[in-house]
Amino acid sequence: MLAKKGGSLDKAAVQTLNDAIKGYIHDDATRAAILSSAGRPDDGTVKDAIGLNNLDDWQSFYNEVLK
């Protein structure tokens, strides 16, 4: 994307990208798999992809390093 924009992004483009990332929601199957792997109920308390990805990362860390 930087090459297409001449090597830099304007503030609006960065904000648009950040908003898209923050607002992304995983599909139901992905959400259910991540929550199941982390031993958490799919009770609607964690829906956003950022939160789910964090849970997935911490569960992977626990499985690989602490367990």
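Trainee: How far apart are the closest N and O atoms in the salt bridge that Arg 31 forms with Asp 28?
Mentor: This is a predicted model, in which local features need pLDDT of at least 70 and side-chain atom pairs count only at pLDDT 80 or more, while totals for chains, interfaces and linings use all residues. Residues are numbered from 1 along each chain as its sequence is written, and side-chain values use heavy atoms, with hydrogens and water left out. A salt bridge is a side-chain nitrogen of Lys or Arg within 4 Å of a carboxyl oxygen of Asp or Glu. For Arg 31 and Asp 28, the closest N and O atoms are separated by 2.9 Å.

Trainee: In which helix do Arg 31 and Asp 28 both lie?
Mentor: Helices are DSSP runs (H or I, at least four residues; strands are E, at least two), numbered from the N terminus. Arg 31 and Asp 28 are 3 residues apart, about one turn of the helix, and both belong to H2.

Trainee: Is Arg 31 buried or exposed?
Mentor: Buried means under 20% relative accessible area, exposed over 50%, and partly exposed in between (1.4 Å probe, protein chains only). Asp 28, at 53%, counts as exposed. Arg 31 has a relative accessibility of 16% and therefore counts as buried.

Trainee: How are the rings of Trp 58 and Phe 61 arranged?
Mentor: The structure holds 1 aromatic pair. Its rings, those of Trp 58 and Phe 61, have centres 5.7 Å apart and planes at 85°. Rings of Phe, Tyr and Trp (its six-membered ring) pair if their centres lie within 6.5 Å, with planes under 30 degrees apart counted as stacked, over 60 as edge-to-face and the rest as tilted. The pair is therefore edge-to-face.

Trainee: Why are Trp 58 and Phe 61 separated by about one helical turn, and how many residues apart are they?
Mentor: Both residues lie in helix H3. Their separation is about one helical turn because their spacing there is 3 residues.

Trainee: Is Tyr 62 exposed, partly exposed or buried?
Mentor: Tyr 62 lies in helix H3, which covers residues 49-66. Its relative accessibility is 39%, so Tyr 62 counts as partly exposed.
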